[in-house]
Amino acid sequence: MELNRLEEMILASFHIPLTRRTLVDEEKLLDQLDFIRVCLPTAFSEATEMLQHKEEILLQAEEYGQQIVEAAQAKRAQILDDSDILRQAEREAAELRQQVQQECDGMLQDTLEEIDRKRRQCQQELEEMRRAAIAEAEAIEQGADDYADSVLENIEEQLHEMLQIVHKGREQLQPNLPPPRNPQFPKNG
């Protein structure tokens, strides 16, 4: 499934040392999210196909019911002279018709409930995916900012130390050297 692929992409990405942060290729992440968006209409089309399938089942059930009614009518025609059997056949046909109608109504209701449940489930999953993607993007952004700040702080400290070494070296070469012209970098607390 494409969500598994998204998870693999995140797990396979560069892990920032000493943090729980991971750098993810934004373009690949966005491409994967676009692909997932493209796949969602498939789920909705499957739900539509289920609805169409339900209509086919109802038609088959109606045909089945009609066949039963026609069979009952044919039976009635064969035994017209016997009124008790005729009345019994009419009652059975009515009962069968009612039973078929009840079954069709039950199947229709079940199918509609299943379609509605699937639709709500798809919407919920889509919303969860959207929230997770936003949270992950924010976490990645924060991790990248923290990492960049840490790297810059380290460089700043190294530059400060290098400037001190250079100035001390110059003082040894020229003891009367004035203080350095370059302002010193402020040290972070």
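**Exercise 1. Decide whether Cys 104 is buried or exposed, then treat Cys 122 likewise.**

Step 1. Buried means under 20% relative accessible area, exposed means over 50%, and partly exposed lies in between (1.4 Å probe, protein chains only).

Step 2. Apply them. Cys 104 has 7% relative accessibility, so it counts as buried. Cys 122 has a relative accessible area of 17%, so it is buried too.

Step 3. Check for disulfides, meaning pairs of cysteine sulfur atoms within 2.5 Å. The structure holds 0 of them.

Two notes on the source. This is a predicted model, where local features need pLDDT of at least 70, side-chain atom pairs count only at pLDDT 80 or more, and totals for chains, interfaces and linings use all residues. Residues are numbered from 1 along each chain as its sequence is written, and side-chain values use heavy atoms, with hydrogens and water left out.

**Exercise 2. Describe the fold and extent of the protein.**

Step 1. Count the elements. There are 3 helices and 2 strands. These are DSSP runs, numbered from the N terminus: helices are H or I with at least four residues, strands are E with at least two.

Step 2. Read along the sequence. The pattern is α-β-β-α-α.

Step 3. Compare with a globule. The radius of gyration is 38 Å, well over the 16 Å that the globule rule gives for 189 residues, so the protein is more spread out than a compact globule. This radius is taken over C-alpha atoms, and the rule is 2.2 Å times the number of residues to the power 0.38.

Step 4. Along the principal axes, the C-alpha atoms fill roughly 140 × 25 × 20 Å.

Step 5. Of the 189 residues, 17% count as buried.

**Exercise 3. Find which residues make up the largest nonpolar core.**

Step 1. Define it. A nonpolar core is a set of buried Ala, Val, Leu, Ile, Met, Phe, Trp, Tyr and Cys residues joined through side-chain atoms within 4.5 Å.

Step 2. List the members. The largest core has 8 residues: Leu 6, Met 9, Val 24, Leu 29, Leu 33, Ile 36, Met 129 and Ile 140.

Step 3. Assign them to elements. At least two residues come from each of α1 (2-11), α2 (26-78) and α3 (83-173). The most come from α2, with 3 residues.

Step 4. Look for another core. A second, separate one has 5 residues, including Ala 61, Ile 68, Val 100 and Cys 104.

**Exercise 4. Work out what Thr 22 touches.**

Step 1. Thr 22 is in strand β2 (residues 22-23). With a relative accessible area of 18%, Thr 22 is buried.

Step 2. List its contacts (heavy atoms within 4.5 Å). Not counting residues up to four places away in sequence, Thr 22 touches Ile 10, Ser 13, Phe 14, His 15, Ile 16 and Ile 140.

Step 3. Check from the other side. Beyond its neighbours within four places, Ile 140 contacts Thr 22 and Val 24.
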